[in-house]
Amino acid sequence: MNEPLPDAALLADSAGPPPPVRRLVPGEQPTVALPPLPGTIAPPPSPNGGPGGTAPTVRRRVDALPADRVVERMRTDDLRIAYGGKEAVKGVSIPVKRGEVLGLIGPSGCGKTTLLRSLNRLTELTPTATRMGRIFLDDTDVDTIEVTDLRRRVSMVFQQPNPFPMSIFDNVAYALREQGSRRPKKAALMEPVTEALSRAGLLTEVQDNLDHPALRLSGGQQQRLGIARSLAANPEVLLLDEPCSALDPKSTQTIEELIVRLREEVAIVIVTHNLQQAHRVADKVAFMYLGDLVEFGDGDRLFSAPREERTIEYVSGAFG
């Protein structure tokens, strides 16, 4: 037979008095953070995701390339995209150049990922999507390019690493094998596979075991493997949809340094919610809001002295 539970009051008495409350008394008056003066903006959010503070913005990218090494590869002309009749991108005209990293920033739902996916016509996979305006790749309308060839020339790396359930070698070789009518042997593919892994900054870590299952790599390695798989097809434009959002800080740094290095070989467009990341890697930055291209320009200038009120509010952390 179960014994009756002890009375709560008895328990309280037996427990003794409550522990003393420790009160912290500041040795001096706290510093009050004053709002920015009119015409100025707060610094971009600090690396830990909070609003601007004393942490400096560290640029890891090198200086801008000489003008003769910057070449336009794509551009949009009054691009409009709608889902079920509701516009997600509203009349955007923007260039994409090799030798520059173009960063697309803005709050969730502003149209930046839709714009990114339209560059290689991935938006067409959504049944309710419609597009107006034109997109050019090397002055050729993308609608006149066979879609498989377009997606080889304008390659996409997604937010989550997505290695195929096969070896490291076969992941990279997949893009090469799909290009030809005959399946080349492994020996014939070894050089282009190792070259792609080297360009993606992964070769030194995996070269001794290319038969290792790709799914056993770390998250950062898997993301670089995805970049290597895209590079194996020698694209002209590389699209990156928040490539570091699922990665740790060390892997993020490695990917960012890779992006900066690759801009000399391929035009790069990156969507990111991380303003510090955009400030570190993007030569040109486009701020989008509710489908509109609010402001576009040099990354340093856009973050330090934006011209539009909505840009000022966004980069200072007033919303987003």
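These questions and answers walk through a predicted model, from its sheet to its helices, pocket and cavity.

Reader: How many bridges join β1 to β2?
Author: Strand β1 covers residues 71-83 and runs antiparallel to β2. Within this pair, Ala 82 stands opposite Glu 87. The bridges between β1 and β2 number nine.

Reader: Which residue in the hairpin of β1 and β2 takes a positive phi?
Author: Two residues lie between the strands of this hairpin. The phi in question is near 60°. The residue is Gly 84.

Reader: Which residue in β4 stands opposite Tyr 83?
Author: β1 also pairs with β4, again in the antiparallel sense. Eight bridges hold that pairing. The residue opposite Tyr 83 is Ala 129.

Reader: How many bridges pair β4 with β5?
Author: Strand β4 spans residues 129-137 and pairs with β5 in the antiparallel sense. Here Phe 136 stands opposite Asp 141 in β5. The number of bridges is two.

Reader: Are α4 and α5 roughly parallel or roughly perpendicular?
Author: Helix α4 takes in residues 168-177, and helix α5 takes in 186-199. Their axes lie 9 Å apart, at an angle of about 100°. Angles of 65 to 115 degrees count as roughly perpendicular. The two helices are therefore roughly perpendicular.

Reader: How many residues of the contact of α4 with α5 are nonpolar?
Author: From α4 come Ile 168, Phe 169, Val 172, Ala 173, Leu 176 and Arg 177. They meet residues of α5, among them Leu 189, Met 190, Val 193 and Leu 197. The contact has no polar residues and two charged ones. The nonpolar count is 11.

Reader: Which residues lie closest to the centre of the largest pocket?
Author: The largest pocket holds about 650 Å³ of space. Its lining has 22 residues. The closest to the centre are Arg 151, Arg 152, Ser 155, Tyr 174 and Ala 175.

Reader: Which element gives the most to the lining of the largest pocket?
Author: Elements that give two or more residues are α3 (147-153), β6 (154-157), α4 and α7 (219-231). The lining divides into 10 nonpolar, seven polar and five charged residues. The top contribution is five residues, and it comes from α3.

Reader: What is the volume of the largest cavity?
Author: One cavity of 30 Å³ or more is counted. The largest cavity is lined by Pro 95, Lys 97, Glu 100, Leu 102, Lys 284 and Phe 296. That lining has three nonpolar residues, no polar ones and three charged ones. The volume is about 40 Å³.

Reader: Where does Asn 234 lie?
Author: Asn 234 has a positive phi of about 50°, although it is not a glycine. Its place is the loop between α7 and β7 (237-241).

Reader: What is the phi of Glu 242?
Author: Glu 242 sits in the loop between β7 and α8 (249-262). Its phi is positive, in a residue other than glycine. The value is near 45°.

Definitions and conventions. Residues numbered from 1 in each chain as written. Predicted model: local features only at pLDDT ≥ 70, side-chain atom pairs only at ≥ 80, totals over all residues. Heavy atoms only, no water. 1 Å grid on protein atoms, 1.4 Å probe; cavity = no way out; pocket = protein on both sides within 12 Å on 5 of 7 lines; lining within 4 Å. Points joined across faces, edges and corners; volume = space filled by probe spheres on them. Nonpolar A, V, L, I, M, F, W, Y, C, P; charged D, E, K, R; others polar. Pairing = 2+ DSSP bridges. Helix = DSSP H or I, 4+ residues; strand = E, 2+ residues; numbered from the N terminus. Axes fitted to C-alpha atoms, helices over the stretch in contact; angles between N-to-C directions. Parallel < 35°, antiparallel > 145°, perpendicular 65-115°, else oblique. Contact = heavy atoms within 4.5 Å.
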